[in-house]
Amino acid sequence: MAAADRAAQRLGLQAGMPLAQAQAMIPDLAVIEADDAGDAAALAEAAAWCLHTAPLTAPDPPDGLWLDATGCAHLAGGEGPMLAALCGRFGRAGIDARAAVADTPGAAWAVARHGGGMAAVPPGGMVVVPPGQAEAALAPLPLAALRLPEEIVRDLRRLGFETVGALAAAPRAPLRLRFGEVVLRRLDQAAGRLAEPISPVFPREAINRRVAFAEPLLTAEAFAAAIERLARDVCRALARAGQGARRLDLLFERVDGTLQAVRVGTARPSQAPAHLARLLAERLEQVDPGPGVEAMRLVVTLAEPLGAAQPRDGLLADAAETQDAAPLVAPLVDRLVNRLGVRRVHRAEPVESDVPERSVRRVAALAPPSGRSWPPSLPRPARLLDPPQPVQALALLPDRPPVQFVWRRVRHLVRRADGPERIFGEWWKHAAEAASVRDYFAVEDESGARFWLFRRGDGLDSATGDLQWFLHGLF
């Protein structure tokens with residue numbers, strides 16, 4: 001048996017069991033002929049699909065995928081959120097996935113399948129091995145985690161080796177004499193002492209251009225010149241296709257056979273070679289040329305249709321700029337996102353809610369406007385505190401503003417105040433807010449600083465709140 005689904009496993013069947021034995025256990029067992037070629041094609045398609053997560057992906061038959069996300073995990077908010085999003089997408093597609101991130105491909109492979117010193121990673125589970133901790137994570141794992149042939153694993157167990165850590169601590173010369181180079185190679189690959197290149201896949205329809213060099217390149221200046229050439233070629237191909245690049249992967253093919261990659265993205269489809277080349281050149285500091293780079297390839301892994309552009313001169317230019325400034329801001333947004341990460345560059349958008357902390361949300365910096373806005377007669381502070389911070393305030397009930405308040409051990413004397421603005425709880429969303437009331441005051445202290453305070457409760461009915469004061473925002 002090549003594989004067994006969950007129902008078969010619950011009945012005691014497992015992959016590798018002779019079919020006759022399985023049919024003897026389950027007489028009405030449903031058997032489907034294995035399609036090795038179809039499985040390999042589907043695995044390659046899944047590897048190409050994972051290009052939305054990492055610039056270098058490759059199938060790892062029979063059931064694995066390699067993803068080299070070096071230098072691009074920050075675009076997804078970090079390695080943990082990146083793995084969570086990846087496993088979530090596989091889960092929604094009906095595929096159980098285990099994922100791990102580590103310094104080396106061998107360590108990630110081992111931890112994803114054997115747990116990294118803990119119980120086996122469950123379907124949908126994920127492990128992030130901290131940098132520099134690959135060998136520690138591998139040490140308690142069984143020998144099978146090294147991807148060694150089964151006969152070598154059996155021989156090593158006869159010699160008394162049970163874990164990767166015990167094998168790694170053994171003298172190397174006897175291992176080489178007895179088993180050849182395969183055992184030492186797997187140990188060195190897992191520990192990062194020996195490079196393990198992968199052969200990446202690309203979507204068949206992806207626009208890409210490659211340039212090879214007569215002599216290996218080593219300097220950032222040489223890389224920048226090659227990037228400009230590749231960007232021009234790619235943008236010409238994009239123009240012919242009527243598309244603009246949204247995500248590009250630049251691959252560096254080193255002399256030692258390994259690949260390095262950098263990834264950049266754009267807020268809007270772009271055909272501007274100078275802009276794309278600049279984004280890529282700003283990521284060169286992450287590239288280690290090693291013994292030299294013999295070729296570079298630029299791949300457009302995500303492209304979108306680019307509408308026809310209307311020349312903007314005279315009055316048309318003024319009108320366009322007043323209606324939509326996004327094309328002018330897009331290059332700046334692209335540079336910020338590629339340096340800081342997509343989760344750190346955003347803008348605030350109003351949400352229809354009376355409760356202040358629910359009346360705003362983060363959206364992409366260049367997301368189209370929703371058409372909603374806050375009432376101009378009810379000013380809101382530029383900065384909301386989450387959560388609101390308790391303060392000690394002195395005020396007359398039921399509806400007078402505070403005359404002074406203490407925040408972070410500093411006393412503020414109120415010189416001017418506006419309010420109250422009464423906000424009721426959203427009982428249709430949260431039953432606990434059926435009677436809640438907040439009275440907000442905009443106040444200015446003697447130094448000119450302005451604060452947004454509220455009192456929990458109306459001062460008349462104890463069910464509306466406990467009369468505690470909070471600082472919710474700073475103007």
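**Cysteines, a buried glutamate and a helix pair**

User: How far is the sulfur of C87 from the closest cysteine sulfur?
Analyst: The closest cysteine sulfur to that of C87 belongs to C50. A disulfide is a pair of cysteine sulfur atoms within 2.5 Å, and C87 and C50 are too far apart for a bond, their sulfurs being separated by 9.9 Å.

User: Which pLDDT must side-chain atom pairs reach to count?
Analyst: Residue numbers start from 1 along each chain as its sequence is written, and side-chain values use heavy atoms, leaving out hydrogens and water. The model is predicted: totals for chains, interfaces and linings use all residues, local features need pLDDT of at least 70, and side-chain atom pairs count only at pLDDT 80 or more.

User: How many disulfides does the structure hold?
Analyst: C87 has no cysteine sulfur close enough for a bond, as the closest one is 9.9 Å away. For the structure, the number of disulfides is 0.

User: Are C87 and C235 buried or exposed?
Analyst: Buried means under 20% relative accessible area and exposed over 50%, with partly exposed in between (1.4 Å probe, protein chains only). C87 has a relative accessibility of 9%, and C235 has 4%. Therefore C87 counts as buried, and C235 also counts as buried.

User: Which residue's side chain forms a polar contact with that of E426?
Analyst: E426 sits in the loop between strands β13 (410-424) and β14 (437-445), and at 1% relative accessibility E426 counts as buried. Leaving aside residues up to four places away in sequence, E426 touches S353, D354, V355, R358 and E433 (contact: heavy atoms within 4.5 Å). A polar contact is a pair of N or O atoms within 3.5 Å; within protein, one must be able to donate a hydrogen and the other to accept it, and sequence-adjacent residues count only if both atoms are side-chain atoms. At 2.5 Å, the side chain joined to that of E426 is that of S353.

User: How is α9 oriented relative to α10?
Analyst: Helices are DSSP runs of H or I, at least four residues, and strands are E runs of at least two, numbered from the N terminus. The axes of α9 (residues 172-179) and α10 (residues 182-191), fitted to C-alpha atoms over the stretch in contact, come within 7 Å and cross at roughly 130° on a scale from 0 to 180 degrees between N-to-C directions. Under 35 degrees counts as roughly parallel, over 145 as roughly antiparallel, 65 to 115 as roughly perpendicular and the rest as oblique. Therefore α9 relative to α10 is oblique.

User: Which residues of α10 meet α9?
Analyst: On the α9 side, the residues are R172, L175, R176 and F179. Their partners in α10 are V182, V183, L184 and D188.
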